[in-house]
Amino acid sequence: MEKIRRASHAGSWYTDNPKKLAEELDGWLRASGLAKSSDVRGVIAPHAGYSYSGRAAAYAFGNIDPANISRVFLLGPSHHYYTPKCALSKATVYKTPIGDLPIDQEVNEELKATGKFEFMDIHVDEAEHSMEMHLPYLVKVFQGHSVKIVPILVGALSVENEAMYGRLLAKYVDDPKNFFSVSSDFCHWGSRFNYMHYDKKYGAIHKSIEALDKMGMDIIETGDPDAFKQYLLETDNTICGRHPISVFLHMLKNSSTKIKIQFLRYEQSSQCKSMRDSSVSYASAAAKVDA
C-alpha cells in the first residue's frame, strides 16, 4: 500500500507551481556553471527557503551525474522532533510538485534489522523541512533516470552514536550506485538564534561569521570527524546539520573508497553589521572520489 509524504513545504518555502519550480531550478543549475562528474558521490547542501538558499544549493546539486546512480541516501537534521537516534520514514513515496521519489523499502528493511533505527510518524516526517528542500533538486537532476531514496532523520546523537551510525552506513559508500545528500545550513547568527559570536579582528560582523564558517568548512574538508567535533565544542557554531555532517564524515572514514569533500559555494542570507541584525549562512560542497 502506498503511503505518501506530501510536499508539505511547497507553496511556502518554495513555489508549488511545477512550471515555475522547474524553471527556477534549471536557472540556478545553469548559473552554477558546474560540469557533471561521475566522481561526485555526495553533497552537503542547505535547506532554507529557496528564495534564500536555492541558488547556493545549485552548487552542490549541479555536480551530480545521474547516469550510474540508482539510490540516494538523505541525511537531514531534526528541527522539531527530539530523538537520540536516527529515524527512517514510514512513507513509501515522497512527493514534490515536479515528480515523486519512491523510498527504497529493501534498504529500509535492512537498516531496520540492525535494531539501531526508529521510524518517524508521517506527521513528524511532514513537519521536517531539512530533507524536503533537497527533493525538488534531486527530481530535477535525476529526470529520466530511475532512482529511489532512503531518507534518514538524524537526531541529537551522542559522539559515540555518530561514530556508530557512520560505521553502520559506511558499506553503502562503497557501492558506486549509492549517492548521499547531506542537509545543513551553517551559522545562524543573531539574538533570535541565541548566538552572537563576534571576533572584532575580522572587521564587520558578517566577516567574522564568514571566518568562523570557513574554519568549520576547512575542517570538514579534512574529513576528520574528531576535529569537527572539537571545532563545534570550541566555537558553538550553530550549524544545524552538525549531526548529519558528523555521521557522513564517519561514513567516509570507515569506507574503503577514498572520498574527499570540497566546498564550492558560500553565501549569507544577509550581511550583519550591527548586533541587532541576524543571518543564516549557506554552504554547498561536493564529495568526490579521490583518485
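**Figure 1. Contact between helices α3 and α6.** Val-107, Glu-110 and Leu-111 of α3 meet Leu-168, Leu-169, Lys-171 and Tyr-172 of α6. Contact means heavy atoms within 4.5 Å. By class, this contact has five nonpolar, no polar and two charged residues. Ala, Val, Leu, Ile, Met, Phe, Trp, Tyr, Cys and Pro count as nonpolar; Asp, Glu, Lys and Arg count as charged; the others, Gly among them, are polar. The model is predicted: local features need pLDDT of at least 70 and side-chain atom pairs pLDDT 80 or more, while totals for chains, interfaces and linings use all residues. Residues are numbered from 1 along each chain as its sequence is written, and side-chain values use heavy atoms, without hydrogens and water.

**Figure 2. Packing geometry of α3 and α6.** Helix α3 spans residues 105-112 and helix α6 residues 159-173. Helices (H or I, at least four residues) and strands (E, at least two) are DSSP runs, numbered from the N terminus. The two axes lie 12 Å apart, at an angle of about 150°. Axes are lines fitted to C-alpha atoms, for helices over the stretch in contact, and angles run from 0 to 180 degrees between N-to-C directions. The angle makes α3 roughly antiparallel to α6; that label applies over 145 degrees. The crossing of α3 past α6 is right-handed, meaning that the near helix is turned clockwise from the far one by less than a right angle.

**Figure 3. Salt bridge between Glu-126 and Arg-6.** The closest N and O atoms of Glu-126 and Arg-6 are 2.7 Å apart. A salt bridge is a side-chain nitrogen of Lys or Arg within 4 Å of a carboxyl oxygen of Asp or Glu. Glu-126 sits in helix α4 (residues 122-127) and Arg-6 in the loop between β1 (4-5) and α1 (18-32), so the pair ties together parts 120 residues apart in sequence. Glu-126 is buried, at 12% relative accessible area. Buried means under 20%, exposed over 50%, partly exposed in between (1.4 Å probe, protein chains only). The structure holds 14 salt bridges.

**Figure 4. Salt bridge between Asp-26 and Lys-140.** Here the closest N and O atoms are 3.4 Å apart. The pair links distant parts of the chain: Asp-26 is in helix α1 and Lys-140 in helix α5 (residues 135-141), 114 residues apart. Asp-26 is partly exposed at 32% relative accessibility, whereas Lys-140 is buried at 11%.

**Figure 5. Salt bridge between Asp-100 and Lys-95.** The closest N and O atoms of Asp-100 and Lys-95 are 2.5 Å apart. Asp-100 is partly exposed, with a relative accessible area of 37%. Lys-95 is partly exposed too, at 29%. Elsewhere, salt bridges that share partners join Arg-5, Asp-125 and Glu-132 into one network.

Figure 6. Most residues other than glycine have a negative phi. Phi of Asn-194 is near 55°, a positive value. Asn-194 lies in the loop between β10 (188-189) and α7 (205-222) and is exposed, at 74% relative accessibility. Phi of Asp-236 is near 60°, also positive. Asp-236 lies in the loop between α8 (225-235) and α9 (242-254). Asp-236 is exposed at 54%.

**Figure 7. Surroundings of Cys-240.** Cys-240 lies in the loop between α8 and α9 and is buried, at 18% relative accessible area. Leaving aside neighbours within four places in sequence, Cys-240 is in contact with His-47, Pro-77, His-79, Ser-184, Asp-185 and His-188. Cys-187 is 53 residues from Cys-240 in sequence, and 8.0 Å away in space, C-alpha to C-alpha.

Definitions and conventions: Parallel < 35°, antiparallel > 145°, perpendicular 65-115°, else oblique.
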